[in-house]
Amino acid sequence: MTILVTGGAGFIGSHFILDWLLETGEPVINLDALTYAGNLENLAVLQGNALYDFVCGDIQDRRLVDRLLVEHAPRAIVHFAAESHVDRSINRPQDFIQTNIVGTYTLLEAARSYWSKLQYGARSRFRFLQVSTDEVYGSLGAADPAFSEASLYQPNSPYSASKAAADHLVRAWHHTYGLPVLTTNCSNNYGPRQFPEKLIPLIIANAMDRKPLPIYGDGMNVRDWLHVGDHCMALRIVLERGIAGQMYNIGGNSEMTNLAVVHNICELLDEMRPHADGPYSNLITFVQDRAGHDRRYAIDARKIGRDLGWQPTETFSSGMRKTLLWYLDHQEWVSDVKTGAYQQWTIRNSEARA
Ligand code: NAD
Ligand code: TYD
């Protein structure tokens, strides 16, 4: 029983594929357009693995998606492919509208057509899993309760608005056509192999280079942090046991201000790689705030715990220590990403595979 993963060359998708193959041994087709965020080196260990197939392509290519569905007859689509960086969405929203909204629409239509022709058993087992974010719920005040599945969608950035639009399409395709969908809304992920434009890998990379550690605004914006491995486990469980048509919030019970996150990284680095010039926190620099910067996200993940038995296994402190050790041991990965060398690798690799 194959699954089709979209965006599997990105940060979370690549962790999901590695975890999936290890835990289930079920074949995976990875459809990824290899944008700047797609990195086949993340999956280099799978070269030659008969259970894994990579297809370079865009989720907006209906013909290609139709062909993959017919050829591989997947029992599920796990949809990660997206433009995912808020700052990029502010600078250039267009790609977010295309991939996150039009791309999801294209996938839903292809899935609906494929699913409607399945035999009864396969039809009732099929699932479309929409991997979404807590950012669709908007911003919380300091004393507000955490986002639950009943919270209103109030997205504030072009990124979160495009993900919210996609989630609404997914919901409508269930309500109107009966497509068996699942939606997960997860908080900020961190872990190995995250593209160094997001806060945690950027801070680690800059600290290693003794560059300024940029904090937007006053640094008191709050995020909930979840180790990527715990997110992948939650997605596997939702796919296995989730009820079609339901939403599941996923979070790490680790609300922290950005300043606290950066200080935490600095303290760990002081311990692991002390520097003669003094503590890493000396590099902290306050910079201009992000436009429309959401103040606080927090996730109430009680539903997935109660109904499906999922709990995170890492605390922020245990997950961050492991993550930092990974980055310290893989400086080459970071410099390849920063110089764009991995994209050369990616092109060479996909040419070789074609
Ligand atoms: P990422 O930016 O690292 O990876 C996105 C992947 O999608 C890349 O491999 C890219 O090449 C691919 N892609 C982009 N446009 C495509 C297209 N048109 N067709 C095919 N492939 C395309 O993102 P990520 O951090 O791994 O996030 C994955 C998903 O999880 C996204 O949907 C995101 O909204 C969601 N999410 C992320 C976080 C987080 O903290 N990173 C938290 C919650 C939810
Ligand atoms: P980011 O990793 O971009 O995730 P998101 O915007 O999806 O939450 O940013 C996390 C938080 O860190 C967010 O409040 C913005 C802030 N931030 C900085 O303070 N400095 C930075 O250089 C970056 C990239 C983010």
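1. Helix pair α2/α4. In this predicted model, helix α2 (residues 62-72) packs against helix α4 (residues 94-116) at about 35°, and their axes are 10 Å apart. Axes are lines fitted to C-alpha atoms, for helices over the stretch in contact, and angles run from 0 to 180 degrees between N-to-C directions. Helices (H or I, at least four residues) and strands (E, at least two) are DSSP runs, numbered from the N terminus. The crossing of α2 past α4 is right-handed; that is, the near helix is turned clockwise from the far one by less than a right angle.

2. Residues at that contact. From α2 come Arg62, Val65, Asp66 and Leu69. They meet Thr106, Leu107, Glu109, Ala110, Ala111, Ser113 and Tyr114 of α4. Contact means heavy atoms within 4.5 Å. By class, the residues divide into six nonpolar, two polar and three charged. Ala, Val, Leu, Ile, Met, Phe, Trp, Tyr, Cys and Pro count as nonpolar, Asp, Glu, Lys and Arg as charged, and the others, Gly among them, as polar.

3. Basis of the values. The model is predicted: local features need pLDDT of at least 70, side-chain atom pairs count only at pLDDT 80 or more, and totals for chains, interfaces and linings use all residues. Residues are numbered from 1 along each chain as its sequence is written, chains are lettered from A and ligands numbered from 1 in the order in which they are written, and side-chain values use heavy atoms, with hydrogens and water left out.

4. Ligand 1, shell. Ligand 1 is surrounded by 29 residues, each with a heavy atom within 4 Å of it. The closest are Ile12, Asp32, Ser84, Tyr159 and Lys163. The shell holds 13 nonpolar, 12 polar and four charged residues.

5. Ligand 1, polar contacts (pairs of N or O atoms within 3.5 Å). A polar backbone atom of Phe11 is 3.0 Å from a ligand oxygen. Asp58 places a polar side-chain atom 3.0 Å from a ligand nitrogen. A polar backbone atom of Ile59 also lies 3.0 Å from a nitrogen of ligand 1. The protein covers 96% of the 840 Å² of accessible area that ligand 1 has on its own (Shrake-Rupley method, 1.4 Å probe). Two or more shell residues come from each of α1 (11-24), β5 (127-133), α6 (158-177) and β7 (188-190). The largest share, three residues, is from β5.

6. Ligand 2. Its shell has 15 residues, the closest being Glu135, Leu199, Asn258, Arg290 and His293. Six are nonpolar, four polar and five charged. Ligand oxygen atoms lie 2.5 Å from a polar side-chain atom of Glu135, 2.9 Å from one of Asn258 and 2.5 Å from a side-chain N or O atom of Arg290. Of the 510 Å² of accessible area that ligand 2 has on its own, the protein covers 96%. α7 (199-208) and β8 (213-216) give two or more residues to the shell. The largest share, three residues, comes from β8.

Notes: A polar contact is a pair of N or O atoms within 3.5 Å; within protein, one must be able to donate a hydrogen and the other to accept it, and residues adjacent in sequence count only if both atoms are side-chain atoms.
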